[in-house]
Structures are given as C-alpha cells and as structure tokens.
Amino acid sequence: MYATLTLPAGQDLDAPRRSPTVRVRSADELRNALRQARAQALTLDASGLDRVLHADAARGLLEVQAAASWSELAGYLSGRGIALDSFASLARLPATVGEAVSQAGAGPDGLPVPAHVVAATLVTPDGELRRADRHANPQLLRLALGGQGVLGVLYSLTLSLESLKRSAAQAAAAVELCLPEAGPAGAAACAIECLLPPEELDGFLRDVRSLVDERGLALLGISVRRYRPDSSCHLNWATREWAGAAIRFGSKATLGASVVAAEARRALLAAALARGGSFPVADLRDATREQLETCYPMLKGFLAEKRRVDPAERLQNAWYRQLSAKLRAQSCEVRWSPRG
C-alpha cells in the first residue's frame, strides 16, 4: 500500500532527498506522516499496517488494519472455524483487504468486497483520523469504499464475518471459454476485462472473434465471471449484474506490438460499450475521457469531493495521476498496422 503525498502546486519537487519514503505502523504514525506532508513531499508506505485489531464475537465483527492480507486473514479465521480460503486464492482480488476495499474488488461470489465493510477508519489528507460507518458519516464511508485511495489513507476496516462467510460459501469460479492457443514467440499475455449485460455476452464474444481475426491477434483465452450489484460505493462499477469477460491475447515486447495491443484493447472496450457494457474503474488504461464520463457519471461529483477535502492534491497515487492526465488530454486518433 503506497501513496504519494506531494507539496502544494508550484513548490519544488526536484530533489529526491526531499521525497523520502515513510513507513507507518500505527494510527499516530499515519496521522503524523500526512501532517508532515504539508511541508515536505513524501512517499507513504503503509504495508506495516497488517494486524488484526479486534474481534467482536458477539456482534460477528472483525476489525483489521488495511494492509492485512487475505491469506493472513484466512489463517487467523481458520482457527475460529471460518473458512475464507476462497478470498485468499482469488487471483483477480487485490492481495490486501484495504486495496480490495479501495478498488472495490469482487469477492469469490462476484459481490464487491465493500459490501462486507461495516465501518472504516482513515486519515484524511489534512492529517485527521476519522471513523465512518453506515450510520455515522455514511457519505464519507461511501466515498472511501471504492475510492481508489485518493480521499484518505485507510487505517482499518471493520468487516461483517457473517457477510464474508456467505460470500465464501457462494464462491463461483470463472468459466474459461477459450482454450489457450500458441502465441507469438517471446510474447507476453496482454489482457483487458470488459463488463457486459449478461444478455449481451454472446454477441460480444462474436465481436471478440471478429476483432481477433481482423487484427491477427493470438487469442490466449477468455474467462467470464458473474458480478453482483452493490451500492456501497460512490464511485460504483457494480451498478447492476454484469458478466465480466477477461480477454487475453499475446503481444511481443516491442514498441510496435505494444501500440497494436493498446489499439486492440481499445477496440474491445468500444465493442463492449456499444452493447451497453462498461469497465472496472480501477483500470483506466484504455478508456477515453468520454467513455469515463459515460460509464461513471458520478465521477464529476467524486472529483469535486476530492478537491474539497484535498484542494492542494497532496494525496496522489498512480490511479489518480493517470485519471488526471486522461481528463486533461485531448483526443488523438492513433493508427498502426495490425502486423506491426
């Protein structure tokens, strides 16, 4: 779990020695680090926040620090008769509880992890420790859940054990629809996930086959997962039931092949959107500004709240920098030979 805390706009950031990495292991250290960032840019390493804080057996609640991993959590709960191995083994789920909550990753049953969160404690960009639950500060909770870590740094999360157990019990594996084919020599897998209304999945798969044939791509596989709707997050991708189609194809590690791969991903995304689909907001690589605003009309309000709580944009991460660049960029059509 890393974030960058920058100086206010216009101040000098050129000296690496002025941007140290600060490792935090407690709420006080986290709060002090964000306060320190008012005068000095720094990189925050919160990976030390990885402990179980409190178990409330009577209410079925468990509070964990945000950098606790699913594997550690599964090991802790296995001794109490609760099996969460399906969370720990889920390849597409971020490895830590905090990252899964910030990115609104889907659990083993396709329900976004924020649905299991009862309360969150975070430090806001001004260095204040705040707690939010579904009754007290519910708007702050909705902004933090699925908020990609840019409205505050999560310190701890209180989870409903009954909700987690139900999700684990209803685990459903992704369905592999396409057997792998031999990719080009020295090729690495390139992937994109598109969200489709279930009734549009068959038509989209035909579109995929047409694009693969047209562009001469080496299709490595297609897997499909069912995603369930949830309204816990303000910046919400799970607005309805989706069929998540992950398409993998081979791409050589050359400049030309990288451009071709990017063009292929953009074409696949456009095909999905043409069928009423969408994309996970955690992956912005291939979306245009127009596509972002179409699929996420709540983005404008989310960014307005970001500017309100962090007017100097001190709290940043790779996702936020990519989003900011995309919103500033002018559209530019790129053409490249599909055999490049």
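The model is predicted. Its protein chain holds 11 helices and 13 strands, and buried residues account for 51% of the 340 residues. Of the contacts between residues at least 6 apart in sequence, 69% link residues at least 24 apart.

**The five-stranded sheet**

- Start with the open sheet, where 5 strands are arranged in the order E4-E5-E8-E6-E7 with antiparallel pairing.
- Strand E4 (52-56) and strand E7 (129-133) are the edge strands, each with pairing on one side only.
- On average, neighbouring strands of this sheet are turned by 15° against each other, with direction ignored.
- For a closer look at one pairing, E4 joins strand E5 (residues 61-65) in the antiparallel sense over 4 bridges.
- Aspartate 56 sits opposite leucine 61 of E5.

**Helices against the sheet**

- Helix H1 (residues 27-36) packs on the sheet and touches strand E6 (117-123), E7 and strand E8 (153-160).
- The direction of H1 makes about 145° with that of E8.
- Helix H2 (residues 70-78) lies across E4, E5 and E8, and runs at about 145° to E5.

**The H7 and H8 pair**

- Helix H7 (residues 201-215) packs with helix H8 (residues 255-274) at an angle of about 155°, and their axes are 10 Å apart.
- Angles over 145 degrees count as roughly antiparallel, and H7 and H8 are therefore roughly antiparallel to each other.
- The crossing of H7 past H8 is right-handed.
- H7 brings Phe204, Asp207, Val208, Leu211 and Arg215 to the contact, while H8 brings Glu263, Ala264, Ala267, Leu268, Ala271 and Ala272.
- Sorted by class, this contact of H7 with H8 has 8 nonpolar residues, 3 charged residues and no polar ones.

**Two backbone angles to check in your viewer**

- Alanine 104 has a phi near 55°, a positive value in a residue other than glycine.
- You will find alanine 104 in the loop between helix H4 (97-102) and E6.
- Alanine 104 counts as buried because its relative accessibility is 3%, and the cut-off for buried is under 20%.
- Asparagine 137 also has a positive phi, of about 60°, although it is not a glycine.
- Asparagine 137 belongs to the loop between E7 and helix H5 (138-144).
- With a relative accessible area of 34%, asparagine 137 is partly exposed.

Conventions
Residues are numbered from 1 along each chain as its sequence is written. This is a predicted model: local features need pLDDT of at least 70, side-chain atom pairs count only at pLDDT 80 or more; totals for chains, interfaces and linings use all residues. Side-chain values use heavy atoms; hydrogens and water are left out. Two strands pair if DSSP finds at least two bridges between them. Axes are lines fitted to C-alpha atoms, for helices over the stretch in contact, and angles run from 0 to 180 degrees between N-to-C directions. Contact means heavy atoms within 4.5 Å. Angles under 35 degrees count as roughly parallel, over 145 as roughly antiparallel, 65 to 115 as roughly perpendicular and the rest as oblique. A crossing is left-handed if the near helix is turned anticlockwise from the far one by less than a right angle, and right-handed if clockwise. Ala, Val, Leu, Ile, Met, Phe, Trp, Tyr, Cys and Pro count as nonpolar, Asp, Glu, Lys and Arg as charged, and the others, Gly among them, as polar. Buried means under 20% relative accessible area, exposed over 50%, partly exposed in between (1.4 Å probe, protein chains only).
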